Amino acid sequence: MVVDIDIADGVPDLPAVDDKGKRIGGAFVLVRVFTEPVAGLWVAVTGAGLSRQELGRVVESEVGDRVRARLRAAGCLDVAAGLPLEGANVPTRPAWLVGRDAAEASAMNLTIALCTRGRPDGVRRCLASLQEQTYPRITVLVIDNAPTDDQVRKFVETAHFKVPVHYVVEPTPGLSYARNRAVESCQTELIAFIDDDEVACPYWAAEVVRAFVEDPGVDCVTGVVTPSELKTAAQQLFERYGGHSKGRGFQPVTFDGRQLGKSAPLFPLPAFGAGANMSFRVSVIRDLGGFDTALGAGTPSLGGEDTEILSNVLLSGRRIAYRPAALVRHCHRATYELLRVQFYGVGAGLTAFYAAVVSRHPMYVFRLVALAPRAFREVFGSHGDRAGSIGDSFPPDLLAANRRGMTRGPMAYWRTRMRQHLQQKI
């Protein structure tokens with residue numbers, strides 16, 4: 001179960017069963033303060049559920065200091081101990097909401113690229129969330145990647161939208177091709193990418209624009225990706241592994257490629273962001289040559305295109321702002337078999353990314369060799385960032401699938417690149 005609570009509105013009771021009468025057992029609780037997300041918690045739910053007092057004690061124990069700090073920043077002066085279970089009022093609008101107001105009043109136009117292939121139901125859900133964005137100056141591009149039917153086209157062309165939605169076909173299969181088509185079709189200064197298995201928080205677009213407005217030197221904005229549901233064991237396992245945000249958490253941070261050094265962008269753990277929630281100044285993607293079409297879903301590499309473009313942003317001396325207030329929710333794979341396939345793809349995409357780095361910058365091989373001991377400890381050890389988050393009980397076959405993917409990623413990348421080279425000659 002996934003629960004979204006705002007301390008400013010009060011702490012609710014947490015029932016023991018879901019809306020279908022199924023016992024919950026546990027819940028992922030997204031904690032907000034005056035709409036700003038500040039933490040995500042795993043909460044055990046037993047017996048008759050949790051009263052607001054019991055849930056409040058859990059939040060207090062896990063992230064009480066963080067919540068109280070945000071309440072004080074909002075103007076609440078009587079939160080020295082405990083949490084306001086009945087809600088909180090402030091005399092003036094909190095500073096971060098004032099910042100969002102200013103962003104929504106800005107003149108920036110944002111294009112949202114929704115790349116899809118074969119998932120019309122996901123497109124409908126995602127578009128529904130995009131219609132509810134508070135930011136007023138957005139346009140949506142639905143990039144249908146090598147479609148096998150016209151379901152998505154018919155829906156986009158016949159539905160009535162508050163926000164303009166345009167349908168574009170990219171005939172060559174591969175997520176990077178679809179994303180490059182979106183960049184080519186984009187007519188605004190900013191572009192944001194979202195996947196067809198996600199829904200956007202109503203403030204997502206406003207918070208993306210806000211990050212660019214408040215810091216004109218930022219070239220890319222990434223945000224947190226939380227689960228939209230955790231109904232199955234497979235979905236819970238993926239979130240335990242770090243989910244899409246890979247342990248980055250809810251603390252805003254800006255990465256400056258001029259100060260990180262040339263090795264840091266090559267070992268992104270915790271991540272600088274994820275393709276499921278990343279936005280750019282369009283000129284930056286074009287300057288970097290777009291997304292690598294030998295990487296990404298729909299290619300033998302299976303992934304890695306988001307890691308590659310984000311790393312290139314930093315390696316080129318640019319800046320990435322990670323802003324958890326720009327939040328989207330992802331529907332994780334529901335079955336164990338699909339999760340195993342995903343773990344394989346994550347491994348293949350990671351090492352395919354390294355193959356792409358070496359292909360583009362051969363001299364970086366020495367930096368990668370220097371990172372090898374740390375990478376080995378992370379993948380095979382029990383004390384790395386990722387291993388520490390999953391525990392000894394994590395299914396070993398999932399980790400094995402991930403490692404198998406790692407062994408095959410580089411060859412998959414180079415074969416794809418060679419095939420593309422030969423096709424260009426024909």
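**Loop residues, sheet and salt bridges in the predicted model**

Phe34 is placed in the loop that lies between strands β2 (26–33) and β3 (36–44); this and all that follows refers to a predicted model. Although Phe34 is not a glycine, its phi is positive, at about 50°. Most residues other than glycine have a negative phi. The relative accessibility of Phe34 is 12%, so this residue counts as buried, the limit being under 20%. A second residue of this kind is Ala146, which is found in the loop between β5 and α4 and has a positive phi near 45°, again without being a glycine. Ala146 likewise counts as buried, because its relative accessibility is 12%.

The open sheet is made of eight strands, arranged in the order β6-β5-β4-β7-β12-β9-β13-β11 with mixed pairing.

Helix α4 (residues 151–158) touches β4 (110–116), β5 (138–145) and β6, and the direction of α4 makes about 155° with that of β6. Helix α10 (residues 305–315) also packs on the sheet, where it touches β9, β11, β12 (278–281) and β13, and the direction of α10 makes about 45° with that of β12.

Salt bridges in the structure number 32. Since Glu305 lies in helix α10 and Arg179 in helix α5 (residues 175–185), the pair ties together parts that are 126 residues apart in sequence. Both Glu305 and Arg179 are buried.

A further helix pair is formed by α11 (residues 336–360) and α14 (residues 396–425), whose axes come within 6 Å and cross at roughly 40°. The crossing of α11 past α14 is right-handed, and the contact between these helices comprises 16 nonpolar, six polar and four charged residues. A salt bridge is also found between Asp397 and Arg340, with 2.9 Å between the closest N and O atoms. Because Asp397 belongs to helix α14 and Arg340 to helix α11, this pair ties together parts that are 57 residues apart in sequence. Asp397 counts as partly exposed, with a relative accessibility of 29%, and Arg340 is also partly exposed, at 23%.

Salt bridges that share partners join Arg100, Glu207, Arg210 and Glu214 into one network. Within this group, the side chains of Glu214 and Arg210 meet in a salt bridge with an N to O distance of 3.0 Å. Glu214 and Arg210 are four residues apart in helix α6 (residues 204–214), and therefore about one helical turn separates them. Arg210 is buried, its relative accessible area being 14%.

Definitions and conventions: Residues numbered from 1 in each chain as written. Predicted model: local features only at pLDDT ≥ 70, side-chain atom pairs only at ≥ 80, totals over all residues. Heavy atoms only, no water. Pairing = 2+ DSSP bridges. Helix = DSSP H or I, 4+ residues; strand = E, 2+ residues; numbered from the N terminus. Contact = heavy atoms within 4.5 Å. Axes fitted to C-alpha atoms, helices over the stretch in contact; angles between N-to-C directions. Buried < 20%, exposed > 50% of the residue type's maximum accessible area, 1.4 Å probe, protein only. Left-handed = near helix turned anticlockwise from the far one by under 90°. Nonpolar A, V, L, I, M, F, W, Y, C, P; charged D, E, K, R; others polar. Salt bridge = Lys/Arg side-chain N within 4 Å of Asp/Glu carboxyl O.
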